[in-house]
Amino acid sequence: MNKEIYVWIVFFLVVVLAAVYIRYFYQPATSLTVTLGAPQPNNVYPYEKISVPVTVLNTGSSAIENLDIGIGINGNVTTIYKVSIPAGKQDTFSWNYTPTSAGTYRIYTVVDPSMLYNIVDRSGINANEVLNVQSQQAPMAYSMLPRSGMLAGNITQMTGVGLVASTYIYFNYSLNKVGIARVYGLKGFLYPLLNILAPYITNVDEADAAYANYSVYSVWIKGYIAPSAIYTGALGKSLNATNVSVGTETVTYMNLGNYTTLCSWYDKGWLKLLGTGGGATCLKLLNSSNATRSNSSTGFYSPLTSRILAPYDEVIENNTGFVGNRITAGILTIPGINALIYKTITTNQTGTNVCYGLLDKANGTEYCSTYVFPYYSQNRNFSLISTTAYVNNDNLTVLSIQNNSALLQEVPINIHLLHAFNITGPSVSFISGITNSCSFNSKYGVGGIVLGCTNATFTNSTLSFRVYANNTNKSVRLSSVSCTWNGNVIYHDLNNTVLPGQNDSVSSMCTSFGKPITGTAENLYLNLSLNYTWTNQSASVPGSAYIPFG
């Protein structure tokens, strides 16, 4: 039995080897040619799909089965097709390609790239065509906006990821300082559609401006997006969309109601959208003279300089705007799993939002240091925490999403992220929403005087505070102070005099087991001891300080 199985195995191997041998060494000779048609369309822009017809002719006397046809760019085969062609017949198929950058491309095809067939003359099995990809127009969404009567403006550049992030923030937390097309009718149509397209979007350039009786939004989109995407999306939502001719362009026009219109067309490598709200229509603006439009972005900027800060590598949105002579600059990045960084001016208009801590007035405006935005569309357990600091002329804000049970813990985390901007200089007094505290127990003193502590801050291992003296008509001389977390007490000499009813500034290095406490303070409890002299009587009072975040 074993011998019979062995014989069958040998027989099978012989048959297979013979078939392979005949396949590669005794196949009949054949003749083939290949031709490429011109790319359609030619002279395209990046991210615009082209189609190239490939024709293979079998001029031999026998059929060809499963013939490999390789095709690619600049001599590199990227795609293999398999065709079967009867003798004397041809097969034509289309190869599709989407270039991602400007330049001249050589489209290359070769028959039987692995040289498995006995082709008599291989000189006719290669073909080339040239594809010219033009440079896209520079992002100039602002150029579609009317120049005259502009009251305020905004320019935003973002990636597809930035589009998704800003859209999520707007719809779930009703926070529209990030995002595009802030007219309600435009947002209701554009945001859901663009969210679907976001994985195929590489860049968005947006400009909007407010006028006395209307507003205009210009949005340019670049990526793997079909020129008819907006028209198709309108049909999918059963909106009334019509194609009209404007100059040399075919424009999709939609009236979205409530004095809101939207125009869409493809031009010079961008899917362009122009939306209006109020007393103007997008078709009227498109048909207006170019002299009425903004031919540069200078109208969007005051003479002041705008500073964009990028603390992390993945920048997903840049923003610059003006109102009168005031300019703002913003940047949205992703530094971690649950946090977004945004830098812009935040005005104290909380509405129903919770505000933790107020900054001192700056330029006549009060600023809120930390907002909490509840989940807007549903009753969710997660809120958006917006924490702002102001340093020099920069306005820095961290946005993060956190469970409602841990909101206060998120504020210090946000401040840690603010530090990543790594800018130095004078800052407006910042309150995190959780204030530092300090006190002394005066019952251990002399003469019934009351020593108090206020304005505690912790920076670079040093606790600073102010000491005041009440219930006395004589001055108090402060001689030494200690600040300890644990370990031995180390006193630091003082030479301060506190007048009755007044206060004086005191500083002390804080130690733990004899070494300075370094780093950023967070939930730091400190033990204090203050030595003083009053009317030639010496005394020592214990105290404490709590630094939730310093």
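Visitor: How many disulfides does a search of the whole structure find?

Guide: Three disulfides turn up in that search. Bear in mind that this is a predicted model.

Visitor: What makes C263 and C282 a disulfide?

Guide: Their sulfurs sit 2.1 Å apart. The cut-off for a pair of cysteine sulfur atoms is within 2.5 Å, so the pair qualifies.

Visitor: And what handedness does the link of C263 and C282 have, right or left?

Guide: The angle about the S-S bond is 75 degrees, and the link is right-handed.

Visitor: Why say that this pair ties together parts of the chain?

Guide: Because C263 belongs to strand β13 (residues 260-267) while C282 belongs to helix α5 (residues 282-287), and these parts are 19 residues apart in sequence. Both C263 and C282 are buried, by the way.

Visitor: How do you know that C438 and C453 are joined?

Guide: Same test: S to S comes out at 1.8 Å for C438 and C453. The link of C438 and C453 is left-handed, with -95 degrees about the S-S bond.

Visitor: Which strands hold C438 and C453?

Guide: C438 is in strand β22 (residues 437-440) and C453 in strand β23 (residues 450-459). The two are 15 residues apart, and the pair links distant parts of the chain. C438 and C453 are both buried.

Visitor: That leaves C483 and C510. Why is their disulfide called right-handed?

Guide: Because the torsion about the S-S bond of C483 and C510 is about 90 degrees. The S to S distance of this pair is 2.0 Å. As for location, C483 lies in strand β25 (residues 476-486), and C510 lies in the loop between β27 (503-509) and β28 (511-512), 27 residues apart.

Visitor: Why does C483 count as buried?

Guide: C483 has 0% relative accessibility, and buried means under 20%.

Visitor: Let's turn to a helix. Which residues of α4 are buried?

Guide: In helix α4 (residues 229-236), they are A229, I230, G233 and A234.

Visitor: How do you know that they are on the same side of α4?

Guide: Look at the arc they cover around the axis: only 135 degrees, which puts them on the same side of α4.

Technical notes. Residues numbered from 1 in each chain as written. Predicted model: local features only at pLDDT ≥ 70, side-chain atom pairs only at ≥ 80, totals over all residues. Heavy atoms only, no water. Helix = DSSP H or I, 4+ residues; strand = E, 2+ residues; numbered from the N terminus. Buried < 20%, exposed > 50% of the residue type's maximum accessible area, 1.4 Å probe, protein only. Arc of directions from axis to C-beta.
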